[in-house]
Amino acid sequence: MSNPTVETILDKAVAGQRLSSDEALGLLESEDLLPLGQAARQVAHRHHPEGVVTYIVDRNVNYSNVCSAVCTFCAFYRTRGHEEAYLLTREEIYEKMDELASMDGRQVLMQGGLHPDLPLAFYEELLSDLKARYPQINLHAFSPPEIINFATLYDLSVREVIGRMHEAGLGSIPGGGAEILVDSVRKRISHGKCTSAEWLEVMETAHELGLRTTATMMFGHVETLADRVEHLISLRDLQDSTGGFTAFICWTFQPDNTPLGSRLNYERTTSHEYLKTQAVARLVLDNIDNVQTSWVTQGEEIGQLSLLFGANDFGGTMLEENVVSAAGAYYDVPEERIRDLIAEAGFTPKRRTTFYELLE
Ligand code: SF4
């Protein structure tokens, strides 16, 4: 039997009522996984009664790994001058884009580190060249820490930076770099990266300028359960005012090859904790329509199971992944397998665009 308090909270969420911070915390403190999953599935069904689970054919392009910040959870970045530091040439980027175009891909997720000295024109020309060459592919690029880095380097406002990028071809902004939107947590795991308020400012400004964005959460490191709740409530509050988030994606800290992982001798956060947190996020984020699974970090079985814990989207096919794979987690799942996993779970798989328009 589940705790009656938890039952009451779940009944409230299933009935469509908003959960408070205390109620969200009560759910995260519960170890009774199945009732949480059932409630999250019912709420996901209310958002998507047609029984479809979507995914997008996309790829990553990490244009550079040079970064001036230091995040102890990150195995991807290199300092400028490091022998493994790189900046992709335009031809290398075109080659990756050609591969995506040949598969009728509709989105490129383009992110880098916080490069200390590339001129703004580099990014504007990159966007406009890609937009001219691949008009059917949405440029989903530059997470909030990169936008803040541009604003700082070029002495521009966040609005000016996003406006210029939008004009150059930027189609939407990925929600990376959120980790946990609580500054006391951010200070313990990152140096030289944007604050919670700055992350939210980028998203609010983007939404005001007509760009849609995603929202993310990377958990299972130094944060408390209350910090996870604060993060979710910040996203919900912003969505109330702008409505600009298309989707929420959460994943667990991947410790391999990271200073934080070795210092704290971390073990991977369990699948139980992942499924529970995703289910609670679905119940708290009553104003965000789509929840994506993170099969890239969790593997295909848990990715499939997460469809019964509040997710309604399988994310991207990710022809290439460089960030979490550097931290020891990367599952390569081809498109046909993604379709089979969705169908085996009892849903109809459908390709989509960045903006959740169905393509079949
Ligand atoms: S997470 Fe991003 S900002 Fe932090 S070190 Fe890695 S690349 Fe740089």
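**Exercise 1. Determine the handedness and geometry of the crossing between helix 3 and helix 12.**

*Solution.* Helix 3 passes helix 12 in a left-handed crossing; a crossing has this hand if the near helix is turned anticlockwise from the far one by less than a right angle, and is right-handed if clockwise. The model is predicted, so that local features need pLDDT of at least 70 and side-chain atom pairs count only at pLDDT 80 or more, whereas totals for chains, interfaces and linings use all residues. Residues are numbered from 1 along each chain as its sequence is written. Helices are DSSP runs (H or I, at least four residues), numbered from the N terminus.

Step 1. The axes of helix 3 (residues 33–47) and helix 12 come within 9 Å and cross at roughly 40°. Axes are lines fitted to C-alpha atoms over the stretch in contact, and angles run from 0 to 180 degrees between N-to-C directions.

Step 2. This angle makes helix 3 oblique to helix 12. Angles under 35 degrees count as roughly parallel, over 145 as roughly antiparallel, 65 to 115 as roughly perpendicular, and the rest as oblique.

Step 3. Helix 3 contributes L33, L36, G37, A39, A40, V43 and A44, and helix 12 contributes H272, L275, K276, A279, V280, R282 and L283. Contact requires C-beta atoms, placed from the backbone, within 7 Å.

Step 4. By class, this contact of helix 3 with helix 12 holds 10 nonpolar, two polar and two charged residues. Ala, Val, Leu, Ile, Met, Phe, Trp, Tyr, Cys and Pro count as nonpolar, Asp, Glu, Lys and Arg as charged, and the others, Gly among them, as polar.

**Exercise 2. Describe how helix 2 packs on helix 12.**

*Solution.* Step 1. Helix 2 (residues 21–29) and helix 12 (residues 271–284) pack at about 160°, with axes 10 Å apart. Helix 2 is therefore roughly antiparallel to helix 12.

Step 1. Their crossing is right-handed.

Step 2. On helix 2, A24, L27 and L28 meet T277, V280, L283 and V284 of helix 12.

Technical notes. Helices (H or I, at least four residues) and strands (E, at least two) are DSSP runs, numbered from the N terminus. Two residues are in contact if their C-beta atoms, placed from the backbone, lie within 7 Å.
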